[in-house]
Amino acid sequence: MNNPLKGFFYFRKSDRKGIVALGCIAVFALGVLMVLDRMEEQKEQSMDTPVFLEDDHKKPLSVSKKRLHVFDPNTVDSLTLIQFGIKAWKVKNFLHYRAAGKVFRSAEDIGDTYGWTAEDVQRLTPYVRVGAAYQARKETPRFEERKLHQEGQTRSMEPQKFQTLTKVDVNEADTAMLRRIPGIGEKISVAIVRYRQRLGGFHSVEQLREISIVSPELLEWFTISSPAAVQQIHLNKASFQALNSHPYITYEQTKSLLQYIRLYGEVKREETLMSTGIFTKEELERLRPYITYE
């Protein structure tokens, strides 16, 4: 049997070098293709398997790009909520809230979870389907009669609506006073009071537009007698909870701010806070009435 390599040495030296070079290039190209193929397999695996950080408050390192499906908020698991882009710490609050006995009868009920925003609820609403077992039970005729009687008594106790335009101090009014404004019922009045508590008071009537269920037409009924009466947060002494619970300060900004103070000392001026890069100029302008440095 002839040795196939024997004829190789009959070529000229320059030809042999060329053949060897072509062989090396072919082997290198084959190796590159194998590496790229392996990397693509790993990428597909990472897309299908979320990897979470040890800190529950951080986002998953990778989120599945599978098709989103409808779900029942009373039975949904944490992975499904993560796939919708909900932060891990919000998912944790949601599961704790549900474990405490909360029943979600509509997509809007999800917004009652601590830390969840109107944007979170809006993102999930098209996919929420509450099962029949969790919807309001059909009431018996006798119970319905009793309920109608109670509702009649409640309506008789409801505050009478203003007949003419009346200015209401948004920082002073309780829910009963707010319900006297045409177009405001129990849900909107409670939402205004809750948001006022989280803010520490309104310094501008326009802030009511930050509440998704408050329509712009309602703003003409409100006034603020003393914008300076808002509660301020001592930036250098506030706890993590005090900072993070404010609507204008995110979880990541809270962590960065406390870390900066720990490393470099107290922030004495707004210029210093701006130089940290933690807040944008617009965010700092919105936050200005609610923070103090001394």
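The chain has 11 helices and 4 strands; helices (H or I, at least four residues) and strands (E, at least two) are DSSP runs, numbered from the N terminus. This is a predicted model, in which local features need pLDDT of at least 70, side-chain atom pairs count only at pLDDT 80 or more, and totals for chains, interfaces and linings use all residues. Residues are numbered from 1 along each chain as its sequence is written, and side-chain values use heavy atoms, with hydrogens and water left out.

**Chain totals**

- Of the 294 residues of the chain, 29% count as buried. Buried means under 20% relative accessible area, exposed over 50%, and partly exposed in between (1.4 Å probe, protein chains only).
- The accessible surface of the chain comes to about 19,800 Å². Carbon and sulfur atoms hold 54% of that surface. Accessible areas come from the Shrake-Rupley method with a 1.4 Å probe; for residues, only the protein chains shown count as cover.
- Among contacts between residues at least 6 apart in sequence, 51% join residues at least 24 apart. Contact means heavy atoms within 4.5 Å.

**Largest pocket**

- Rolling a probe the size of a water molecule over the atoms shows where empty space is left.
- The largest pocket has a volume of about 1,500 Å³. A pocket is an open set of points on a 1 Å grid over the protein atoms alone, where a 1.4 Å probe fits, with protein on both sides within 12 Å along at least five of seven lines. Grid points are joined across faces, edges and corners, and a volume is the space filled by probe spheres set on the points.
- The lining of the largest pocket counts 43 residues. Lining residues have an atom within 4 Å of a point. G111, W116, T117, A118 and R198 lie nearest the centre of this pocket.
- At least two lining residues come from each of α3 (88-99), α4 (118-124), α7 (186-199), α9 (251-264) and α11 (281-287). Helix α7 gives the most, with 7 residues.
- By class, this lining has 15 nonpolar, 13 polar and 15 charged residues. Ala, Val, Leu, Ile, Met, Phe, Trp, Tyr, Cys and Pro count as nonpolar, Asp, Glu, Lys and Arg as charged, and the others, Gly among them, as polar.

**Second largest pocket**

- The second largest pocket has a volume of about 170 Å³.
- Its lining includes D169, N171, E172, R196, Q197, G200 and G201. S225, S226, A229, V230 and Q231 also line this pocket.
- The lining residues divide into 2 nonpolar, 7 polar and 3 charged.

**Aromatic pairs**

- A search of the whole structure finds 11 aromatic pairs. Rings of Phe, Tyr and Trp (its six-membered ring) pair if their centres lie within 6.5 Å; planes under 30 degrees apart count as stacked, over 60 as edge-to-face and the rest as tilted.
- Y248 and Y290 form an edge-to-face pair, 5.8 Å centre to centre with 75 degrees between the planes. Y248 lies in the loop between α8 (240-244) and α9, and Y290 in the loop between α11 and β4 (291-292), so the pair ties together parts that are 42 residues apart in sequence.
- Y248 is buried at a relative accessible area of 3%. Y290 is also buried, at 0%.
- F94, Y97, F104 and W116 form one aromatic cluster.

**F94 in α3**

- F94 is found in helix α3. F94 is buried, at 1% relative accessibility.
- Not counting residues up to four places away in sequence, F94 touches P73, V76, L81, F104, I110, T113 and W116.
- F94 and G111 are 17 residues apart along the chain, and their C-alpha atoms are separated by 9.5 Å.

**Other sites**

- A107 sits in the loop between α3 and α4 and counts as buried, at 9% relative accessibility. Beyond its neighbours within four places in sequence, A107 is in contact with V121, T125 and V128. A107 and V128 are 6.0 Å apart, C-alpha to C-alpha, and 21 residues apart in sequence.
- N244 is found in helix α8 and is buried, with a relative accessible area of 13%. Leaving aside neighbours within four places in sequence, N244 contacts I249, T250, Y251 and T254.
- P216 lies in the loop between α7 and β2 (222-223). P216 is partly exposed, at 46% relative accessible area.
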